[in-house]
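Reader: Could you walk me through one part of this model in some detail? I'd like to see the geometry spelled out, cut-offs included.

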Amino acid sequence: MNINVALSLSFFLCLSFFSSLNATPDISETCGNVRHKDLCISSFENSNIARFLPSNAKPKVIASIIIKITVSNASDVSRNLKSAVLEGSGSLKPEVREKYGICDREVASAMKELDKVRTTMAISSRKSEDLDMKAAIAKTEKCEEELKQVEAELPDKKQLEEVVVLKQLLENIDDIIKAMD
């Protein structure tokens, strides 16, 4: 009987230990007041990075992770824009190719602004964060506007949808940073 109790207790302790390794922070507070709450939560929960955060991670750390997730998303958007131009090289109208190019530059520039936000978060320069986030959002809005001008000629609406999601992720970061004050 003692062996059964000891084995049960050992099993329980092992389960507790391993489940704590996979514990992720409750981000409902961090994502609770953003414009696109479901996107905030799902992008965080689907991220490999989030699995390595302690369950008691501070909002600033969570915000930093959400920025990393968004930069990764922006990278994917940029890559997809470039591949759409390369793969559709013969069939794309010149104005569509031009819009893809403009959009790709705007997304790359938005990623640079996000890097600035992450840096200024580390030194707590709130005014710079605001300016950098506004610039990043404006750049994705510009990209979205460019693609909407040629939406009927786009070979795949996926790129436009990805840009819209990227803009929403940026708006979420902006909301999270503003809530940290």
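Reader: In what kind of crossing, left-handed or right-handed, does H4 pass H5?

Author: Quick caveats to start: this is a predicted model, where local features need pLDDT of at least 70, side-chain atom pairs count only at pLDDT 80 or more, and totals for chains, interfaces and linings use all residues. Residues are numbered from 1 along each chain as its sequence is written, and side-chain values use heavy atoms, with hydrogens and water left out.

Now, the crossing of H4 past H5 is left-handed (the near helix is turned anticlockwise from the far one by less than a right angle). Helix H4 covers residues 59–87 and helix H5 residues 94–123; helices here are DSSP runs of H or I, at least four residues, numbered from the N terminus. They pack at about 165°, axes 9 Å apart, with axes fitted to C-alpha atoms over the stretch in contact and angles running from 0 to 180 degrees between N-to-C directions. H4 and H5 are therefore roughly antiparallel (over 145 degrees).

Just after H5, Ser 124 has a positive phi of about 60°.

Then there's Gln 159, which sits in helix H7 (residues 158–179). Leaving out residues up to four places away in sequence, Gln 159 touches Asn 80, Leu 81, Ala 84, Tyr 100 and Leu 147 (contact means heavy atoms within 4.5 Å). The C-alpha atoms of Gln 159 and Leu 81 are 6.5 Å apart, though 78 residues separate them along the chain.

Methods
Helices (H or I, at least four residues) and strands (E, at least two) are DSSP runs, numbered from the N terminus. Angles under 35 degrees count as roughly parallel, over 145 as roughly antiparallel, 65 to 115 as roughly perpendicular and the rest as oblique.
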